[in-house]
Amino acid sequence: MAETDENHIEELKKRLYTKNNQLLRKRTEGTLHRKELSVPAEWSHKEEGPKQNFMAKLSPSIFKKFFIWSIVFFVAVLGFVAYKFYGGGNAVSNDNIDINILGNAFTAGGEELPLQIEVVNKNTVPLDFSSLVIEYSKGGGDQTKDIVRIRKDLGTILAGRTANENIKLTLYGEQGSIKDVKATLEYRVAGSNAIFVKERHYSITINSAPLSISINAPNTASSNQQFTLNIKATLNASKPAQNMLVRVEYPPGFQFASANPKPDFSNNAWSIGDLAQGAEKNISIIGSLYGEDGDERSFRAYAGEGDKTDQSSIAVIYNSLLHSVTIKKPFLEAKLIVNGQDQKDFVVSGTTPIRAEIVWTNNLPTRIDDVQITARVTGNALDSNSISPLGGFYDSKNGQIIWDKNTSKELATIEPGETGKLSFTFSPLPLLTGSQTIISDPSIMVAIDIKGSQLSESQNAAEINNSDTKIIRIATSLDLAARALYSSGAFTNTGPIPPKADTETTYTIVWTMANSANPVSDAEVRAALPVYVRFLGTVSPAGEDVSFDVSSRQVIWKAGSVPRGAGFSGVAREVSFQVGLTPSITQVGSVPILVSESTLSGTDTFTNTTVSSKRGQVTTRLTNDPAFVSGNEKVVR
């Protein structure tokens, strides 16, 4: 068997390496059978389909998981960094820094308060370039203006070490007020350029004010009745105070009359200079309140260090005090009404007669006997010869009108709740005398007093009195004149006279302003031009503000300020401008209007009211032109 195998092997070698083709084509013994295999005509993708779907689902899932794990890893890294910085290892944490403020939590206003500030570094690394910033409000004024900042350089605070700093503060404010002191540590750490901050707040209570304020004033007052507020400021602090200021805020309805000493700024601020310990300053304010029965009005007085940039303001408030006054009806009331109006100040024109009425009322639950009412009328604008007492007696020697039970029987006894009325009239003087002397700031003051007797329970008569005062200011007389010229004036005019239809003729329009007693501001004149008249734009003097509004066809002169006496004792305000008239054939025989009604208005700076005047139309009837001939005003063909 082995020999047979060897023979086969030798034969195969010969066939493998021989060049004899017959040996190569010689086949081994045996028969080969064909096996039929069934092959489909087309390739099927049913098996590849599920494989592709699986890969489609698998790939996004893998990327999504990878993305999520990336985010988780990033957050974990940030957390680790934060932990290492704020609390771990050799990093710095604000929680490991303590700021301790040691000192009294109470202080007297205006006195020095010593404080010790400790900065403790409990971190394992040093704090580099450390600075301590102390911030506090010096007083009780504007918290943005009186902030004090103190900066102390602490250098490097080693790990586990403490830095100490001593400071002295001076705080001001009302007794019981609380002041906040803020200590801020700014530092850096090795390897970083960032500045890190740690803050600590410390509250200090003002247990006594550096300056005391007292207000001596009534708790109740009658409407329109004068009363006095006495204010006293006393320095309590041992350290002198410089540039002191007292300021009083008045309530609505308060009418300031006078003060002693006179205010340095407006009517409510007094500069009281430098104060030594125990020094006092007194201020008396006289005024009246207006309101209804039961209304409460509050005054607040402030004292402190004056503002260097605004001398009328307080930069650092040392103290303040509130005082309230309740308005009550007077027992015996006398109310003065002028020209039908009940108000404090009145403004009338210089030619208006004035009617005054006194309305009296008994507000007591008991009767009042022997009532007497007097009225005093004074002022630089009063015509004393015009006073008519209407049932009273005018004592011209003493300048007063008197009503009592002899002139008016109802004043003998006034029952509870009873009311009545008295009246009188007077007139102002002309604001300009014959010699053209001007009455400056013309005004009239009317003061009334009422008094009577009331029987008390012991049958003793007690006097009850009351008073009222009104100020009447006389408004200035602001007048306007308007005229047209052809042959004279500031411009050379052209065109036919009399005016001819369909042909232009130019005219000069002149506005003149006169003002009597009080200065006027924002004076302005307006007038419209007809459609057949055009504004030529020439103005004299050239500096005057004269314009033409095309939409309204108005010529506007903004004259501005007009001094008292202009046109009387002084030079009048005047302006000229030129217009062109082109009449229509339908206007033949008529007198055309060149400028419509002119209106002048302005503000009387003494009475703070609007004054005005009007002048009629200006036509081609040139009565002020020296060359004018009657008949030349009518349009010809």
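Two strands count as paired here if DSSP finds at least two bridges between them. With that in hand, note that this is a predicted model, and start with β22 and β26: strand β22 (residues 382-388) runs antiparallel to β26, and three bridges join them. One place to look is S388, which sits opposite T425 in β26. T425 is also the bridge partner of R355. That brings in strand β20 (residues 354-362), which is antiparallel to β26 (residues 419-428) and joined to it by eight bridges.

Now hop back towards an open sheet of three strands, ordered β1-β3-β6 with antiparallel pairing. Its edges are β1 (97-103) and β6 (162-170), each pairing on one side only, and the twist averages 20° from one strand to the next. Between β3 (residues 112-121) and β6 there are nine bridges; E118, for instance, faces N164 in β6.

On to the side chains. The whole structure holds 18 salt bridges. In one of them, E135 and R149 bring their closest N and O atoms to 2.8 Å. E135 belongs to strand β4 and R149 to strand β5, 14 residues apart. E135 counts as buried because its relative accessible area, 18%, is under the 20% cut-off, whereas R149 is exposed at 57%. Both belong to a salt-bridge network that also includes K182 and E199.

Further along, E504 and R534 form a salt bridge with closest N and O atoms 2.5 Å apart. E504 is in the loop between β29 and β30 while R534 is in strand β32, so the pair ties together parts 30 residues apart in sequence. E504 is partly exposed at 27%, and R534 is partly exposed at 45%.

How values were computed: Residues are numbered from 1 along each chain as its sequence is written. This is a predicted model: local features need pLDDT of at least 70, side-chain atom pairs count only at pLDDT 80 or more; totals for chains, interfaces and linings use all residues. Side-chain values use heavy atoms; hydrogens and water are left out. Helices (H or I, at least four residues) and strands (E, at least two) are DSSP runs, numbered from the N terminus. Axes are lines fitted to C-alpha atoms, for helices over the stretch in contact, and angles run from 0 to 180 degrees between N-to-C directions. A salt bridge is a side-chain nitrogen of Lys or Arg within 4 Å of a carboxyl oxygen of Asp or Glu. Buried means under 20% relative accessible area, exposed over 50%, partly exposed in between (1.4 Å probe, protein chains only).
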